[in-house]
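Subject: Structure for your review

Dear colleague,

Please find below the structure that I am handing over to you. My notes on what was found follow it.

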Amino acid sequence: MKFSFEGVQVRYPGARGPALTGVDAEIPEGSFYAVLGPNGSGKSTLVRTLLARIQPARGVTRIDGRDSRSWPRRELARAVGVVPQNESMPFPIGVRELVTMGRYPHVGLMAALSESDRAAIEAALVECDVAHLAERNVQTLSGGELQRVRIARALAQQPAALVLDEPTASLDIRHEMAILEVLRGFAERGGTVLLITHHLDLAARYADRVMLLDCGAVVAEGTPSQVYRPEILERVYRWPVEVRVDPVTGAPRVTPLPCS
């Protein structure tokens, strides 16, 4: 499943300028693609526009060549698993029940689960290291535990693509790395991953390509080695940095320098 953006511009009512301005990009099928940028650069808006939750003022977003707005919601939910940045849990629900919701686009709300449905749920619980929490109420979980449960729900959908907005923000090192390994494996099996993150080093380590946004515009796009240049990063983040190749991973590594 591939994603594309063609001259996408988004403007919020009352805003001084556009949230996105003329974004052109293509995310190939089976790739791990990271979107980076400072706070307010348009990263979350980019995702919401792709998923047809925001109407662009100009341009079009496409999912597998089809205008995003033409996808029926249930069909889109079967194809794309989404982990949004923020999500409220207004009522008590168990961990297993929340992960089971990932199967609803396939079976509906009232239909009985098949053996394959149950297998997908159990596999997702194990893959995200939350099987031991399956009988807990989600309102008793830590922020990091809940985040892993939400990712498990997306994996239980068995989608062709995953779209994740800051999915590792609340995770400790072990679980952050484990989730990124899961996402890398998903891409290597042919799935498409679109990841929004602030973690420059981890994006460089796991992503095939990255997009760097600033003030709603694409500043740079390409492999991490092509994008991670001090003159580019310093202009976007307004802070001096040093970029070196990590001797262990071989990926670019960004070190913020003292601001003199």
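A residue counts as buried when its relative accessible area is under 20%. The model is a predicted one, and in it serine 44 has a relative accessible area of 16%, so this residue is buried.

Serine 44 and helix 1

Serine 44 is placed in helix 1, which covers residues 43-50. Its side chain makes a polar contact of 2.6 Å with the side chain of aspartate 165. When neighbours within four places in sequence are set aside, serine 44 is in contact with Gln85, Asp165 and Ile196.

Two residues with positive phi

Helix 1 is followed by alanine 52, which has a positive phi near 60°. Alanine 52 belongs to the loop between helix 1 and strand 4 (58-63), and with a relative accessibility of 26% it counts as partly exposed. Glutamate 166 also calls for a mention: it is not a glycine, yet its phi is positive, at about 55°. This glutamate lies in the loop that runs between strand 7 (161-165) and helix 7 (173-188). Glutamate 166 counts as buried, at 8% relative accessibility.

Packing of helices 5 and 6

Helix 5 (residues 115-127) packs against helix 6 (residues 143-156) at an angle of about 145°, and their axes are 8 Å apart. The crossing of helix 5 past helix 6 is right-handed. On the side of helix 5, the residues that meet helix 6 are Ala120, Ile121, Ala124, Leu125 and Glu127, and their counterparts in helix 6 are Ala152, Leu155 and Ala156. By class, this contact has seven nonpolar residues, one charged residue and no polar ones.

Cysteines

A search of the whole structure for disulfides finds zero. Cysteine 215 counts as exposed, with 53% relative accessibility, whereas cysteine 128 counts as buried, at 2%.

Yours sincerely

Methods: Residues are numbered from 1 along each chain as its sequence is written. This is a predicted model: local features need pLDDT of at least 70, side-chain atom pairs count only at pLDDT 80 or more; totals for chains, interfaces and linings use all residues. Side-chain values use heavy atoms; hydrogens and water are left out. A disulfide is a pair of cysteine sulfur atoms within 2.5 Å. Buried means under 20% relative accessible area, exposed over 50%, partly exposed in between (1.4 Å probe, protein chains only). Axes are lines fitted to C-alpha atoms, for helices over the stretch in contact, and angles run from 0 to 180 degrees between N-to-C directions. Helices (H or I, at least four residues) and strands (E, at least two) are DSSP runs, numbered from the N terminus. A crossing is left-handed if the near helix is turned anticlockwise from the far one by less than a right angle, and right-handed if clockwise. Contact means heavy atoms within 4.5 Å. Ala, Val, Leu, Ile, Met, Phe, Trp, Tyr, Cys and Pro count as nonpolar, Asp, Glu, Lys and Arg as charged, and the others, Gly among them, as polar. A polar contact is a pair of N or O atoms within 3.5 Å; within protein, one must be able to donate a hydrogen and the other to accept it, and residues adjacent in sequence count only if both atoms are side-chain atoms.
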